[in-house]
Amino acid sequence: MATILGQNQYGKAENRVVKITRDGDTHHIKDLNVSVALSGDMDDVHYSGSNANVLPTDTTKNTVYAFAKEYGIESAEQFGIHLARWFVNSQEPIQRARIRIEEYAWDRIATSDANSKFIGADEVNHSFVRQGMETRVTQITYDGQNWEVISGLKDLVVMNSTNSEFWGYVKDKYTTLQEAYDRILATQVSSRWRFNWSDDEQRMPNWEKSYAETRKHMLQAFAETYSLSLQQTLYQMGSRIINHRSEIDEVRFSLPNKHHFLVDLEPFGLKNDNEVYFAADRPYGLIEATILRDGADARIPVDMTNL
């Protein structure tokens, strides 16, 4: 039975590109997920395997990153128009380009009045929390006499676009990671904290205020810590909570390191001055620890998966 080729398209899907625009000490973020689909005169590659009309999908990926540098990202629409126009006009066999873009919005983190003592600046304009925010969680245990309340949050995505380094680590014959003296630090915070309220004779905390204040101190510590490791940042986040919230005795964090790698743009004659990054979702470093008030017992489970 004879067959014929119907609709077809190809391209590179879900190219994660993060563009940092530096306006002095104030930074701006555009975080996109770009999918490219191209169609046109592609009969031969399907029938005979001839790639004469095929622009490699790897090239479409490279174009996304190069355009982020060359044209910037004013808006998702503007960026997609640039890409579609380029693919159709620069490649005769390509007759149609479809660019799908998801944008992940970030809000600037408001810091405390005392942040200058952490980083030596009057304002912090490089720390962001992704919109969409987190899921709030709590677990209450009661045995008829005693209460245990463990609250927290998950999926709180935060980023520092500078003021983070990673160097001086152990190196062996399998080490390929280059030392970094100015890197993006990003993580998706999962945290639980345990209240010291345990019986009805005690004054019950204001739960709403406690959550809001705990979250605030967590974010401020993330923004105001000049980080030499994610472990250091984690400890500062937990310490800030313990030191400012007397109702909390224990905090545990699980922080995946959401790696951002500089894209090599030299093959295209472009210099990447800490501007265009590839956002990798896996594999990732996973940093976990508990911070306690001095004298308190650790009761939050090490594995918070089902908490």
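# A chat about helices, strands and side-chain contacts

Visitor: Where is the place of His 217?
Guide: His 217 is in helix H5, residues 207-224. Helices here are DSSP runs of H or I with at least four residues, strands are DSSP runs of E with at least two, and they are numbered from the N terminus. This is a predicted model, in which local features need pLDDT of at least 70 and side-chain atom pairs count only at pLDDT 80 or more, whereas totals for chains, interfaces and linings use all residues. Residues are numbered from 1 along each chain as its sequence is written, and side-chain values use heavy atoms, with hydrogens and water left out.

Visitor: Is His 217 buried or exposed?
Guide: His 217 counts as buried because its relative accessibility is 7%. Buried means under 20% relative accessible area, exposed means over 50%, and partly exposed lies in between, using a 1.4 Å probe and protein chains only.

Visitor: And which residues is His 217 in contact with?
Guide: Leaving aside neighbours within four places in sequence, His 217 is in contact with Arg 240, Ile 241, His 244 and Arg 245. Contact means heavy atoms within 4.5 Å.

Visitor: Where is Glu 247, then?
Guide: Glu 247 is in the loop between helix H6 (230-244) and strand E9 (248-257). With a relative accessibility of 11%, Glu 247 counts as buried. Not counting residues up to four places away in sequence, Glu 247 touches Arg 194, Phe 195, Asn 196, Pro 205 and Ser 210. The C-alpha atoms of Glu 247 and Leu 230 are separated by 26 Å, and these residues are 17 apart along the chain.

Visitor: New topic: how many salt bridges does a search of the whole structure find?
Guide: The search finds 13 salt bridges. A salt bridge is a side-chain nitrogen of Lys or Arg within 4 Å of a carboxyl oxygen of Asp or Glu.

Visitor: What does Arg 16 form a salt bridge with?
Guide: Arg 16 forms a salt bridge with Asp 31, and their closest N and O atoms are 2.6 Å apart. Arg 16 lies in strand E1 (residues 15-23) and Asp 31 in strand E2 (residues 26-40), so the pair ties together parts that are 15 residues apart in sequence. Asp 31 counts as buried, at 1% relative accessibility.

Visitor: Which side chain meets Lys 69 in a salt bridge?
Guide: The side chain of Glu 275 does, with 2.3 Å from N to O. This pair links distant parts of the chain, 206 residues apart: Glu 275 is in the loop between strand E10 (260-262) and strand E11 (276-279), and Lys 69 is in helix H2 (residues 57-70). Glu 275 is buried, with a relative accessible area of 17%, whereas Lys 69 is partly exposed, with 25%.

Visitor: What about H2 itself: which residues are buried there?
Guide: In H2, the buried residues are Thr 60, Thr 63, Val 64, Tyr 65, Ala 66, Phe 67 and Ala 68. Their cover includes E1, E2, H3 and E11. Gly 72 follows H2 and has a positive phi, near 70 degrees.

Visitor: And helix H3, how many residues has it?
Guide: Helix H3 (residues 76-90) has 15 residues and reaches 21 Å from its first C-alpha to its last, close to the 21 Å expected at 1.5 Å a residue. The expected span is 1.5 Å times one less than the number of residues in the helix. Ala 76, Gln 78, Phe 79, Gly 80, Leu 83 and Phe 87 are the buried residues of H3. They pack against E2, H2 and strand E3 (94-103). An α-helix has 3.6 residues a turn, so residues three or four places apart point the same way.

Visitor: Back to strands: in which sense do E1 and E11 pair?
Guide: E1 and E11 pair in the antiparallel sense over 3 bridges, and Val 17 stands opposite Phe 278 in E11. Two strands pair if DSSP finds at least two bridges between them. E10 and E11 also run antiparallel and are joined by 3 bridges; the bridge partner of His 260 in E11 is Ala 279.

Visitor: Last one: where does Tyr 181 lie?
Guide: Tyr 181 lies in the loop between strand E7 (147-160) and strand E8 (185-195). Tyr 181 counts as partly exposed, at 47% relative accessibility.
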